[in-house]
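Thanks for coming, everyone. I have one structure for you today, and I will walk through it piece by piece. Please have a look at it first.

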Amino acid sequence: RSHMVASVVVSLRNRRSGHIVRGKLTLVDLAGSERVSKSGATGEQLKEAQSINKSLSALGDVIGALTSGSQHVPYRNNPLTMLMSDSIGGNAKSLMFVCCSPSDYNQRESQQSLDFAKRCRNVRNNAQRSSTGQLRALRAELSKIKAKEKGGNAVKRRPMGGMRRPGMRRP
């Protein structure tokens with residue numbers, strides 16, 4: 001048992017304009033958390049179960065940080081969250097499927113999976129084309145600079161070369 005992460009990166013180049021568009025599709029199949037007391041895992045299976053539970057806990061920490069608006073998101077705490085970092089937060093669209101067991105025996109695990117999905121649902125991403133977002137930010141910055149210059153608040157700089165007053169140092 002383990003998690004599975006598959007990433008497909010696609011690049012498309014417009015032959016006329018030369019413009020390149022890139023996209024990434026990440027498919028993640030998370031192994032379910034395992035109750036050692038229920039499964040009776042020992043030895044190598046026990047180490048596997050502990051590793052799976054640790055990575056799921058780290059993913060829960062990342063989801064918690066993203067939903068609470070925390071300044072720091074702990075992507076680096078686990079290899080799984082590092083691989084998923086560009087897919088869970090920021091400029092990405094995410095979709096989650098949860099598999100639940102209809103058995104009463106697995107009711108607790110199914111409920112926990114649904115609760116986790118509910119927490120994930122509260123993550124808000126700002127998915128947009130990267131080049132468009134960057135271009136919009138640069139245009140806004142340029143507008144601010146132009147507005148300052150028109151208002152007379154422009155910073156006046158002296159030329160780098162030329163004469164200097166005695167006692168002045170070079171920057």
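Start at the N terminus and follow the chain: the elements run β-β-α-α-α-α-α. That comes to five helices and two strands. Keep in mind that this is a predicted model.

Some totals next. The protein has 171 residues, and 19% of them count as buried. Its accessible surface is about 14,100 Å². Carbon and sulfur atoms make up 52% of that surface. Now take the contacts with a separation of 6 or more. Residues 24 or more positions apart account for 48% of those.

On to the inside. Which residues form the largest nonpolar core? There are twelve of them. Leu59, Val62, Ile63 and Ala65 are on the list. H2 gives the most, with four residues.

Leave out residues up to four places away in sequence. Valine 62 then touches Val73, Pro74, Tyr75, Thr81 and Ile88.

One name there deserves a stop: threonine 81. Threonine 81 sits in helix H3. Is threonine 81 buried or exposed? Buried: its relative accessible area is 0%. What does the side chain of threonine 81 reach? The backbone oxygen of tyrosine 75, at 2.6 Å. Beyond its neighbours within four places in sequence, threonine 81 is in contact with Ala58, Leu59, Val62, Pro74 and Tyr75.

Now the rest of H3. Its buried residues are Leu80, Thr81, Met84, Ser87 and Ile88. Look down the axis of H3: these buried residues fall within an arc of 105°, so they line one face of the helix. An α-helix has 3.6 residues a turn, so residues three or four places apart point the same way. What do the buried residues of H3 pack against? Strand E1, at 4-13, strand E2, at 20-29, and H2.

Go to the start of H3. A side-chain oxygen of asparagine 78 comes to within 3.0 Å of the backbone nitrogen of leucine 80 there. Asparagine 78 itself lies in the loop between H2 and H3. With a relative accessibility of 9%, asparagine 78 counts as buried, because the cut-off is under 20%. Setting aside residues up to four places away in sequence, asparagine 78 touches Lys54, Ser55 and Ala58.

Compare the residues on either side. Asparagine 77 is in the loop between H2 and H3. Asparagine 77 counts as exposed, at 53% relative accessibility. From C-alpha to C-alpha, asparagine 77 and leucine 59 are 9.0 Å apart in space. In sequence, 18 residues separate asparagine 77 and leucine 59. Proline 79 belongs to helix H3. Proline 79 is exposed too, with a relative accessible area of 60%. Proline 79 and serine 55 are 24 residues apart in sequence. Their C-alpha atoms are 7.9 Å apart in space.

And the other end? H3 is followed by glycine 90. The phi of glycine 90 is positive, near 85°.

Last stop, H4. A quick check on its length. H4 has 15 residues, and at 1.5 Å a residue they should span 21 Å. The end C-alpha atoms of H4 are 21 Å apart, which agrees.

Which residues of H4 are buried? Glu109, Ser110, Phe116, Ala117 and Cys120. They cover an arc of only 120° around the axis, which puts them on the same side of H4. These buried residues of H4 pack against helix H1, at 36-39, and H2. The face of H4 turned away from its buried side carries the exposed residues Arg108, Lys118 and Arg121.

Definitions and conventions. Residues numbered from 1 in each chain as written. Predicted model: local features only at pLDDT ≥ 70, side-chain atom pairs only at ≥ 80, totals over all residues. Heavy atoms only, no water. Core = buried A, V, L, I, M, F, W, Y, C linked by side-chain atoms within 4.5 Å. Buried < 20%, exposed > 50% of the residue type's maximum accessible area, 1.4 Å probe, protein only. Contact = heavy atoms within 4.5 Å. Polar contact = N/O pair within 3.5 Å; in protein donor to acceptor, adjacent residues only side chain to side chain. Expected span 1.5 Å × (residues − 1). Arc of directions from axis to C-beta. Areas by Shrake-Rupley, 256 points an atom, 1.4 Å probe, with all protein chains shown as cover.
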